[in-house]
Amino acid sequence: MSFSPAPPRNGTAGVFPSLTASFLLALGLVVAGGGWVLYLADGPVSPTLIDGPFDFSSGEIVVLGDPRHPTDLACGDQQVDTADLSLCKPGQPRHIRFTYIGRQLWLQLQRGDDFGLLFVTVDDRPANLIPIQAPFPAGNGERAGRLPLYSPYEHATMRPESEWISVHRTNTAQPHTVQIQMHSGPMADILDASPAVLAVGTDLPVSFRLPYWPGLLCLILGGLALMLVLLAIDNWPLACRFPMHLARRQMRRLSHVLPTQPIELGLLAGLGILAVGLGQRDHIWWLSLLGLAMLGLAGLQRPALWLGAVLLGLPFHLFPVPLAPGFALNLVEIGAWGGLALVGLQYLRQGPDRLPQAKRGSTPAPVLLALLALALVALGSALEAQYQAQGLREWRTVFLTAVIFLGAMVTTLRMSERPEADAAIMLIMWIGGAVAIALFGYYAYLQGIFVTDVDGVRRIRGLFGSPNNLALYLERTLLVTIALFLFAQTWPRRILWASLATIQTGAFVLTFSKGGLFLGLPTGLLLLFGTVYLLRQRLHAARRVMWLLGGVAILGLLLLAPFLTTPRLAGILDWRQDFSSFVRIHLWRSGLQMFLDNWILGVGPDNFLYWYRGAYLDPAVWNEPSLNHPHNILIDLLSRLGLTGLVAGLAFWGAGFRILLRHINTSNPSPLAMGLAAAGVAGLAHGMVDTSYALPDLMLVWTLLFGLVCLQDLTKTARLLT
């Protein structure tokens, strides 16, 4: 059979020149933006030591201990020679006094695991580039700028031997008198090397750095323009459309070969999930590839199966999937990019005419645009961050994958012939993953593995980094499961959802997460109860649902009652005596100070840990230096992404909850929308004392909660599930 491409649409001859110009312009923007980011925008060059002789005037570096430069050094109140400064006894403060001429003062520090404190005054005033000012008496009794001497890097293998820090800047070059006081930390007598000041420098040469944002803007505009040109494929000239029509024909032939029955597709996807799981556990790369191939074939027929498999595997995302000998990739990234590829193939097979028009009130455009804005702000912040590699990694795995996954999910539901059924598939597989990690948690609890023993209780954490992370995940799936149980119409469905909710509830209680038990879950249940009460005239069996909610609350209290006397939970109401609350208060103060010093774009994604350890750690909580987020969603956005990030984040969550509210406040309220809203509110409430979004699994859950609003009627999906 010969292939005859479709005749060109009317007006193609006039459209083609504009498409060509658009393509060339888009390509030019991409090339220009990539060149700017890769070759023109660059970070500053670190200062290097200069060989003597030293006169300590502008542009020189002096090595402390060099006999050619007179520097006043002391251990406590005892004067010592420069060569003997390292012989100060542990805990004995070390003093350095000198005078320099210049505009900017630098210190070369050797930092480590000992919590020392560095106090610097210039001309009897605190050094103005040290972030936190503290009323600590220096040698002359004046205030001094305070800097923790913890290394910013938690792991010793990542630490440089030394680092340069700019501590003071003035507008004019004039003589300045400097006093530095160094106090060793409590581990100085145990560790081999204590923190030290190795050298000082003035007006050191640092290369000029072009900003990243012009190149970034060109890349974004060029990428969007290229996407629009590709979407206009049916307006291309005949010669250009031939390869695309040929590929579309082959895709349709392949779809006739693949299984089409739901049972066959489910079996193929199940075998693929099993193969990926075994390959992930035993590090067998070819088995993982085989499983991904089977999932991909099932996803070609029904992309919701691929997206559902990603949601199923979220609790296991910390273990990368091997794809080749010595190469593995994060499950979240594989799922997001794979979902985008499958959606593109579906679009290629079906064509743009198969995309249904969205009805008013069901469009996800505000959520998509707000999430895109948040991702762009995060990218700009990561590019300007001091620890750029860490910032770009978190941007890629948290923000970029969320945008891609949300776009793939929304497009899948738009192109689906049965969008309500596809949404049900994704929800069932998401809850199934939570049940699986809960069952694993029980097994690990009995075996004494993957647990944390603290405050008189054994806390399960599944395969997450901490019990709190498991609680943050389970509270969202649990509330959706409870909502489905409350509104189930048949006894088999009620028994099913009650059983799944019970499994998750037990594991959730065993995490002993105070934020989840006393903030997240109660807030979600209160929202469910209040919504049912307010809409009781429009809801069928509202009275029965409220009684069931009361029973769920009582059951939860009964499960929790035996543990209320443990040290972990006994002092929950006396937050002044609770150590974790004490740490959080100081952490919030440090996070707010971090924002005030970097208020536009923040310190960058995944940069909180390094800045907290190296500049903002409060001495009152010196033994908790490895906290990588401020345990408050608002302070998290402000410190990581600045004021622009807070605005974009509020827009994202506001748009999502606004559309969920539309699905609830109708003549026929959706029980599923109530469950999704309760899960979201619980995540925000728990996020006031813990993380809420800045993890790959949690961010993808937010995209699921808000992505389902693209359905024209969530009530139909709820009927399939209840």
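The expected span of a helix is 1.5 Å times one less than its number of residues. Just after α10 comes G448, with a positive phi of about 75°.

## The whole protein

Welcome to this structure, which is a predicted model. The protein holds 21 helices and 14 strands. Of its 722 residues, 52% are buried. Among contacts between residues at least 6 apart in sequence, 77% join residues at least 24 apart.

## Helix α12 and its surroundings

Helix α12 covers residues 491–510. Its 20 residues reach 28 Å from first C-alpha to last, close to the 28 Å expected at 1.5 Å a residue. Which residues of α12 are buried? They are R494, W497, L500, A501, Q504, T505, G506, A507, F508, V509 and L510. The elements that cover these buried residues include the helices α10 (419–447), α11 (467–486), α13 (514–534), α14 (542–560) and α21 (714–721), along with the strand β14 (457–460). Just after α12, F512 takes a positive phi of about 50°.

## Two helices that cross

Two packed helices are described by the angle between their axes and the distance between the axes. For α13 and helix α19 (residues 671–686), the angle is about 145° and the axes are 8 Å apart. Is the crossing of α13 and α19 left-handed or right-handed? The crossing is right-handed. On the α13 side, the residues that meet α19 include the glycines G515, G516, G520 and G524, and also L519, L527 and L528. On the α19 side, those that meet α13 include G675, A677, A678, A682 and A685, together with H686.

## Aromatic rings

By the rule of ring centres within 6.5 Å, the count comes to 17 aromatic pairs. One of them joins F115 and Y150, a tilted pair with 5.5 Å from centre to centre and 40° between the planes. F115 sits in the loop between β4 (94–110) and β5 (117–122), while Y150 sits in the loop between β8 (144–148) and β9 (163–183), so this pair ties together parts that are 35 residues apart in sequence. Both F115 and Y150 are buried.

The rings of F608 and Y612 have planes at 15° and centres 5.7 Å apart, so F608 and Y612 form a stacked pair. F608 and Y612 both belong to helix α17 (residues 608–616), where they are 4 residues apart, about one turn of the helix. An α-helix has 3.6 residues a turn, so residues three or four places apart point the same way. F608 is buried at a relative accessible area of 0%, and Y612 is buried at 0% relative accessibility.

There is also an aromatic cluster, formed by F399, F652, W653, F657, Y693, W702 and F706.

Charged side chains meet rings too. R536 lies over the face of Y533, 4.2 Å from the ring centre.

## Backbone turns with positive phi

Most residues other than glycine have a negative phi, and most peptide bonds are trans.

| Residue | Phi |
|---|---|
| F512 | about 50° |
| D123 | near 55° |
| D606 | near 60° |
| G448 | about 75° |

D123 is found in the loop between β5 and β6 (125–126). Is D123 buried or partly exposed? D123 is partly exposed, with a relative accessible area of 35%. D606 is placed in the loop between α16 (579–597) and α17. D606 has 12% relative accessibility and counts as buried, because buried means under 20%.

## A proline in α6

P303 is part of helix α6 (residues 303–312). P303 counts as buried, at 10% relative accessibility. Which residues does P303 touch, not counting residues up to four places away in sequence? P303 touches Q346 and T412. P303 and G338 are 35 residues apart along the chain, and their C-alpha atoms are separated by 9.7 Å.

Methods. Residues numbered from 1 in each chain as written. Predicted model: local features only at pLDDT ≥ 70, side-chain atom pairs only at ≥ 80, totals over all residues. Heavy atoms only, no water. Phe/Tyr/Trp six-rings, centres within 6.5 Å; stacked < 30°, edge-to-face > 60°. Helix = DSSP H or I, 4+ residues; strand = E, 2+ residues; numbered from the N terminus. Buried < 20%, exposed > 50% of the residue type's maximum accessible area, 1.4 Å probe, protein only. Lys NZ or Arg CZ within 6 Å of the ring centre and 35° of its normal. Contact = heavy atoms within 4.5 Å. Axes fitted to C-alpha atoms, helices over the stretch in contact; angles between N-to-C directions. Left-handed = near helix turned anticlockwise from the far one by under 90°.
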